[in-house]
Amino acid sequence: MPDISLTMVVVLCLTALAAGWVDAVVGGGGLLLLPALLLGLPAGTAASAALGTNKAVAIVGTTGAAVTYVRKTRVDVALAVRIGLAALAGSTGGAFVAAGMSTDVLKPVVMVVLLAVGAFVILRPTFGTVPSAEPVSARRVLAAIGLAGLGIGFYDGLIGPGTGTFLILALTAVLHLDLVNASAIAKIVNCCTNAGALATFAWKGTVFWQLAAVMAVFNLAGGMFGARTALKKGSGFVRIVLLTVVFALVANMAYQQWLA
C-alpha cells in the first residue's frame, strides 16, 4: 500500500466509483481514474505504477459491467470474444511500437478524429438509436474484428485514451448496432485488452495491489450501476454521455499536448 492519507484513499475510491459508471455507459472511465491516481500517489512514484494500478482497478469494473450486460440483454458473446482476442493481439503490437517512439505526434491526429466523430454524432441524431433489422454479414464481422479488434486494440497499446469510446463508435458503425448493445460488446472486448495489459504490469511488479483491491470494489459497483443505467435509459441517454466524453477527451488531450 503506498504511503497516502485516508482522505486521499476515499477520494480515489469515489473517483473509481464515478469512473466505473462512465466506463460502463460509454467508455472513457480512464479520463477520471488515471489522472486521479497520478495526482493521488506519493510524489516520485513511477508513472508505470499508476498505469498498472489503474488497469487492476479498471478490469474489475469492466468485468462487472460486461456480466451485467450479458445477464440483462442479448449479447453476441462469441462475436465479442473474437473481437476481444484480436484487440488483445493489436494492443500487444501497439505496446511494442510505443516503446520505440513518441506518441505525442499522434495526439493531434486523434483529437481531429474525435472532433470529426463528435460532429458526425451531432449531425446524425439517429446514429446508434435503432439497431439494423438485417442479420450481420460475415464481411461486417471481419471488418469489426479488423477495425474494432486489431485497429483499436493497436491504438490502446500505443496511446490508450478513449479506447472504450472508439470501440462503441466502431461497433455501432460497422455492425449497425444500437449504442447500448455496442457498449455491451465493447465491455467484453475491454476485458480482453485490460487482461493483457494487467498481466504485463503485474509481471513488471508495477501494481499497488492493496490500493487496487479497495478501489476495485467501488469501480465494480460503478460499473454494474452504469450498465443498468444504460439499459434502463436507452440509446438516447448513451448518445448524450457519448458526446460529453468525446469532447472531454479532446479537451484532456489538448491540455496534455499544449498546456501541461
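**Stop 1: a nonpolar patch on the surface**

Start by selecting Leu6, Val10, Leu14, Leu17, Val214, Val217 and Phe218, which make up a nonpolar patch on the surface of this predicted model. Together these residues have about 610 Å² of accessible area. Now colour α1 (6-26) and α9 (209-233), the elements that each give two or more residues to the patch. Which of them gives the most? That is α1, with four residues.

Stay on helix α1 and click on Leu17.

**Stop 2: helix α2 and its covered face**

Next, select α2, residues 30-40, and show the side chains there. Leu33, Ala36, Leu37 and Gly40 are the ones to look for, as they are buried. Turn the view until you look down the axis of α2: the buried residues fall within an arc of 100°, so they line one face of the helix. What covers the buried residues of α2? Bring α1, α3 (47-72) and α9 back into view, as the cover includes these helices.

**Stop 3: the cores**

Go on to the largest nonpolar core, which has 53 residues. Val26, Ile83 and Leu171 are the members that touch the most other members. Pick Ile83 and display what surrounds this residue: setting aside residues up to four places away in sequence, Ile83 touches Ala144, Ile145, Ala148, Gly149, Leu171 and Val189. Another core lies apart from the largest one; it has 20 residues, including Ile4, Leu12, Leu37 and Val207.

**Stop 4: Thr163 in α7**

Select α7, residues 163-175, and find Thr163 in this helix. Why does Thr163 count as buried? Its relative accessibility is 7%, and buried means under 20%. To see its contacts, show Ile152, Tyr155, Asp156 and Asn190, which Thr163 meets once neighbours within four places in sequence are left aside.

**Stop 5: Leu249 in α10**

Finish in α10, residues 235-259, where Leu249 lies. Leu249 has 0% relative accessibility, so this residue counts as buried. For a last exercise, draw a distance from the C-alpha of Leu249 to that of Gly93: the two are 23 Å apart in space and 156 residues apart in sequence.

Conventions. Residues are numbered from 1 along each chain as its sequence is written. This is a predicted model: local features need pLDDT of at least 70, side-chain atom pairs count only at pLDDT 80 or more; totals for chains, interfaces and linings use all residues. Side-chain values use heavy atoms; hydrogens and water are left out. Patches are made of residues with over 30% relative accessible area and no salt bridge: like charges are joined within 9 Å, nonpolar side chains (Val, Leu, Ile, Met, Phe, Trp, Tyr) within 5 Å. Accessible areas come from the Shrake-Rupley method with a 1.4 Å probe; for residues, only the protein chains shown count as cover. A salt bridge is a side-chain nitrogen of Lys or Arg within 4 Å of a carboxyl oxygen of Asp or Glu. A nonpolar core is a set of buried Ala, Val, Leu, Ile, Met, Phe, Trp, Tyr and Cys residues joined through side-chain atoms within 4.5 Å. Buried means under 20% relative accessible area, exposed over 50%, partly exposed in between (1.4 Å probe, protein chains only). Contact means heavy atoms within 4.5 Å. The arc is that of the directions from the helix axis to the C-beta atoms.
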